[in-house]
Amino acid sequence: TLEELGEMVASASLCGLGQTSPNPVLTTLRHFREEYEAHIIDKKCPAAVCQGLFRTPCQHTCPVELDIPGYISLIKEGKFAEAYCLIKQRNPLPAICGRVCNHPCEFKCNRAQVDEPIAIKNLRRFVADYAFNLGVKYTPKIKERKKERIAIIGAGPAGLSAAWDLALEGYPVTVFEALPVAGGMLAVAIPDYRLPKNILRKEIQDIENLGVDIRLNTPVDDVESLLKDGYKAVFIATGAHKGAKAGIPGEDLAGVYDSI
Ligand code: SF4
Ligand code: SF4
C-alpha cells in the first residue's frame, strides 16, 4: 500500500532527504485517510475539484449521480416529460428530492463562479410536478426475472430506493416496515407544507407498481429468521432515529429534546 511504501522508503533511506521525503504522504494519510480512500477506492472527489474523476461537479456531488446536465438540457428544449423519465432512471423519488434534498450539487455548480448556481433542485421539482399533474408515466425496463427473493427492513428513502433498484434488476422484493405508514422520516418527520403526503404516496405507489411488496406494521426482530424463510439477502435500512449529543452541560435536563 501507499502507507507501507512510504514507511519502507523512510526506514530504508540512508540520508535525511530520503528519510523525510514520504512525510507529506504519511502525514496526510494519517489526517485525511478518508479522502485518499474516496479517491482511490470509490473514484470520488468529495470536494469535486479533481476534474479527472468526473464529468460535471454537480453530477459527481449528487448522491445518486443524477444526469443533471442531461435533464437541464431537455428542460431547456421544453422536453419536460423526457426530462422526468431521464431523472426517474436513477432516482425513484424526484418530486420528494425536489423538495427536501439539501442540494449539495448546487454548492458545487460551476455557474456560481459567474453569478449564481443553477436551480438544479427546483428544476427537478418542476418536471416531477409537471409529470404528476399531467399523468406522465415512466415505464422502466425490468431485467429478466430472478427467483432469489430479497428482504428490506425499513420503508424509508434508503429502503424504498433499494427496493426500486432491485425490482428493476428483476428481483422479487419484500419491504418490512414497523410503522403503519411507508416513507420513514419522509412520512412521520417532514411536515406537510414541505412535503405533501399525496406526493409521497404517488412516488411510493410507483415503486409498488414494480411489484414491490411493502408490509406495514411488520417489525423484524430477527434477521436470521428472514434468511431461514428463504430470502437470499437482507438489506437493513432502519434509518438513524437517535439524535446526536452536543456534549454540553444541561443537555440531559427535562424539556431538552433532540432535533434529528
Ligand atoms: S438536489 Fe437532486 S441533483 Fe442535487 S444532490 Fe439532491 S438529489 Fe442530487
Ligand atoms: S453549470 Fe452547474 S448545473 Fe450545469 S453542468 Fe455545470 S455544474 Fe452542473
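## Terms and model

Ala, Val, Leu, Ile, Met, Phe, Trp, Tyr, Cys and Pro count here as nonpolar, Asp, Glu, Lys and Arg as charged, and the others, Gly among them, as polar. This is a predicted model, in which local features need pLDDT of at least 70 and side-chain atom pairs count only at pLDDT 80 or more, while totals for chains, interfaces and linings use all residues. Residues are numbered from 1 along each chain as its sequence is written, chains are lettered from A and ligands numbered from 1 in the order in which they are written, and side-chain values use heavy atoms, with hydrogens and water left out.

## Domains

The chain is assigned domain 1 (2–53), domain 2 (57–134) and domain 3 (150–236); such bounds come from an automatic or database domain assignment. Taken over C-alpha atoms, the centres of domain 1 and domain 3 are 41 Å apart.

An unreviewed UniProt entry lists residues 47–133 as "domain: Dihydroprymidine dehydrogenase". UniProt positions are given in the numbering used here, feature names are shortened, and annotations may be inferred rather than shown by experiment. The span 47–133 is 57% helix and 0% strand, with 37 Å between its end C-alpha atoms. Helices (H or I, at least four residues) and strands (E, at least two) are DSSP runs, numbered from the N terminus.

## Pockets

Pockets and cavities are found on a 1 Å grid over the protein atoms alone: a cavity is a set of points where a 1.4 Å probe fits but cannot get out, a pocket is an open set with protein on both sides within 12 Å along at least five of seven lines, and lining residues have an atom within 4 Å of a point. Grid points are joined across faces, edges and corners, and a volume is the space filled by probe spheres set on the points.

The largest pocket has a volume of about 590 Å³. It is lined by 25 residues, of which Pro63, Val64, Asn91, Cys97 and Cys101 are the closest to its centre. Two or more lining residues come from each of H7, helix H8 (94–100), helix H9 (104–107), H10, helix H11 (157–168) and helix H12 (185–188). The lining has 16 nonpolar, five polar and four charged residues. Domain 2 and domain 3 both contribute to this lining, so the largest pocket lies between them.

The second largest pocket holds about 450 Å³. Gly184, Ala237, Thr238, Gly239 and His241 are the closest to its centre among 23 lining residues, and H11 and H12 are the elements that give two or more residues. By class, this lining has 15 nonpolar, seven polar and one charged.

## Cavity

One cavity of 30 Å³ or more is found in the whole structure. The largest cavity contains about 50 Å³ of space and is lined by Tyr84, Ala95, Ala128, Asp129, Phe132, Ile199, Lys202 and Glu203. Five of these residues are nonpolar, none is polar and three are charged.

Helix H10 (120–134) and helix H13 (197–208) each supply at least two of the lining residues. The largest cavity lies between domain 2 and domain 3, because both give residues to its lining.

Around ligand 2 are Thr56, Pro57, Cys58, Pro69, Cys109, Asn110, Arg111, Ile118 and Ile120, each with a heavy atom within 4 Å of it. This shell has six nonpolar, two polar and one charged residue.

There are five aromatic pairs in the structure. Rings of Phe, Tyr and Trp (its six-membered ring) pair if their centres lie within 6.5 Å; planes under 30 degrees apart count as stacked, over 60 as edge-to-face and the rest as tilted. Phe80 and Phe126 form an edge-to-face pair, at 4.9 Å centre to centre and 85° between the planes. This pair links distant parts of the chain, as Phe80 is in helix H7 (residues 80–90) and Phe126 in helix H10, 46 residues apart.
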